[in-house]
Amino acid sequence: MPLLQTVGLRENQIVTIPATAFDENFSKLKYLMLEGNPLMCDCRLYWLLKNKPERLTGTCDTPWVYKGLELNDFKTDNLVCPLP
């Protein structure tokens, strides 16, 4: 779906989204709605937080230090990720 611009994944018990979920189609994505999911805001979401779409909704559930933090407000500086 190369023209995909909006994805709504609300209330789906999603904990993380791998970078491979959207592959090259992510560059056209404008809206990604993830509210109502128990998102783990760790290094596995780094790719998403670094390349945020225009509108990104949802909040961190874990780890506890980020609980309640809006994804749209999350800064990649907050993450401590091991080198690949």
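Me: How many salt bridges does the count come to by the rule applied here?
Reply: The count comes to three salt bridges, a salt bridge being a side-chain nitrogen of Lys or Arg within 4 Å of a carboxyl oxygen of Asp or Glu. This is a predicted model, in which local features need pLDDT of at least 70 and side-chain atom pairs count only at pLDDT 80 or more, while totals for chains, interfaces and linings use all residues. Side-chain values use heavy atoms, without hydrogens and water, and residues are numbered from 1 along each chain as its sequence is written.

Me: Why is the contact between Glu35 and Arg10 called a salt bridge?
Reply: The N to O distance between the two side chains is 2.6 Å; this lies within 4 Å, so the pair meets the definition.

Me: Why is Arg10 called partly exposed?
Reply: Buried means under 20% relative accessible area, exposed over 50%, and partly exposed in between (1.4 Å probe, protein chains only). Arg10 has 42% relative accessibility and therefore counts as partly exposed.

Me: What makes Arg44 and Asp42 a salt bridge?
Reply: Their side chains meet at 2.9 Å, N to O, which is within 4 Å, so the term applies. Arg44 is partly exposed because its relative accessibility is 43%.

Me: Why is Lys67 classed as exposed, and Asp61 as partly exposed?
Reply: Lys67 has 54% relative accessibility, which is over 50%, so Lys67 counts as exposed. Asp61, at 27%, falls in between the cut-offs and is therefore partly exposed. The closest N and O atoms of this salt bridge are 2.6 Å apart.
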